[in-house]
Amino acid sequence: MSLISSTMRKLSYGVYSILAMDGQRPTGCIVNTVFQITSQPAMVAISMNKDNYTYEVIKNSGRFSVSILSEESPRKVITNLGFTSGRDHDKLTELNYTMVDGLPVLEENCCGGFTCDVVSMTDAGTHMIILAAVKEATEGNSLPPMTYRYYHEVIKGGAPKNAPTYVPEEAEKPAEKEEVKYVCSICGYVHEGDIADEPEDYKCPICGVPKSMFNKA
Ligand SMILES: Cc1cc2nc3c(=O)[nH]c(=O)nc-3n(C[C@H](O)[C@H](O)[C@H](O)COP(=O)(O)O)c2cc1C
């Protein structure tokens, strides 16, 4: 990993769902990049990959919601929203949400959420920086918000290709000493120990693929 990549890795983030209405159909994705820009008026920015279907939906509708995942938010939230595309999946069918101000806001043990109207979009190459005005907030629970560090270290999830923090696996992780590890080729989840020791129906706890999709680290 280059010094730039390893130093950038020390930046802190949270884990959020971004939901929007694709006509009558709710859809969305996971992001780690929600930043408060100002408080008066309340404005946020998100970094959204141009290949994400959610970007197209936000571009067309001009609106989205942000929900703040907690450490107790079920793994299926990240699996469904962060590793499949709304182009070919109805991602919200298995997830609980409420409609607020015409937008879906995720429940699923979230710490709260808010709705946003897009103010401007700035082209940043692979991603668009979307600046938005916060319109309405919802109360959530008082569980600790999920940090990106918690996602990496406790859930042991990786950053998928469209996340701004993605670093290709080979460059990201030089092989570690003797301990045997297997890495999920889809989401980067690291399995400590030999994957062959897991039962035949073992599935990646993050993205749900079978053990045949793991490679030795
Ligand atoms: C932990 C995590 C963080 C992510 N952060 C971002 C992000 O900040 N920006 C982004 O564009 N995609 C991010 N992604 C990737 C999208 O969630 C993913 O590409 C999703 O499948 C896009 O779905 P869509 O095509 O329905 O929009 C992240 C995914 C995960 C699991």
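**Close-up views of the ligand site and salt bridges**

**Figure 1. Polar contacts between the ligand and the protein backbone.** A nitrogen atom of the ligand lies 2.8 Å from a backbone N or O atom of Ser47. The model shown here and in the following views is predicted. A polar backbone atom of Asn49 is 2.7 Å from an oxygen atom of the ligand. For Gly86, the distance from a polar backbone atom to an oxygen atom of the ligand is 2.6 Å. Of the 650 Å² of accessible area that the ligand has on its own, the protein covers 97%.

**Figure 2. The shell of residues around the ligand.** Two or more residues of this shell come from each of the following elements: strand S2 (25-31), strand S4 (42-49), helix H2 (53-61), helix H3 (75-83) and helix H4 (148-153). There are 27 residues around the ligand, and those that come nearest are Ile30, Thr33, Asn49, Thr54 and Gly86. By residue class, the shell comprises 13 nonpolar residues, 13 polar residues and one charged residue.

**Figure 3. Salt bridge between Arg63 and Asp101.** In this pair, the closest N and O atoms are 2.8 Å apart. Asp101 is located in the loop between strand S6 (97-100) and strand S7 (103-106), whereas Arg63 belongs to strand S5 (residues 63-68); the pair therefore ties together parts that are 38 residues apart in sequence. Asp101 is partly exposed, at 32% relative accessibility. Arg63 is likewise partly exposed, its relative accessible area being 22%.

**Figure 4. Salt bridge between Arg63 and Asp117.** Arg63 also forms a salt bridge with Asp117, in which the closest N and O atoms are 2.9 Å apart. Because Arg63 lies in strand S5 and Asp117 in strand S8 (residues 112-124), this pair ties together parts that are 54 residues apart in sequence. The relative accessible area of Asp117 is 24%, and the residue counts as partly exposed.

**Figure 5. The salt-bridge network of Asp22, Arg25 and Asp90.** Side chains of opposite charge can pair when their charged atoms come close. Salt bridges link Asp22, Arg25 and Asp90 in a network. Between Arg25 and Asp22, the closest N and O atoms of the salt bridge are 2.9 Å apart. Arg25 has a relative accessible area of 22% and is partly exposed. Asp22, at 24% relative accessibility, is also partly exposed. Across the whole structure, a search finds eight salt bridges.

Conventions:
Residues are numbered from 1 along each chain as its sequence is written. This is a predicted model: local features need pLDDT of at least 70, side-chain atom pairs count only at pLDDT 80 or more; totals for chains, interfaces and linings use all residues. Side-chain values use heavy atoms; hydrogens and water are left out. A salt bridge is a side-chain nitrogen of Lys or Arg within 4 Å of a carboxyl oxygen of Asp or Glu. Buried means under 20% relative accessible area, exposed over 50%, partly exposed in between (1.4 Å probe, protein chains only). Helices (H or I, at least four residues) and strands (E, at least two) are DSSP runs, numbered from the N terminus. A residue is near a molecule or strand if one of its heavy atoms lies within 4 Å of it. A polar contact is a pair of N or O atoms within 3.5 Å; within protein, one must be able to donate a hydrogen and the other to accept it, and residues adjacent in sequence count only if both atoms are side-chain atoms. Accessible areas come from the Shrake-Rupley method with a 1.4 Å probe; for residues, only the protein chains shown count as cover. Ala, Val, Leu, Ile, Met, Phe, Trp, Tyr, Cys and Pro count as nonpolar, Asp, Glu, Lys and Arg as charged, and the others, Gly among them, as polar.
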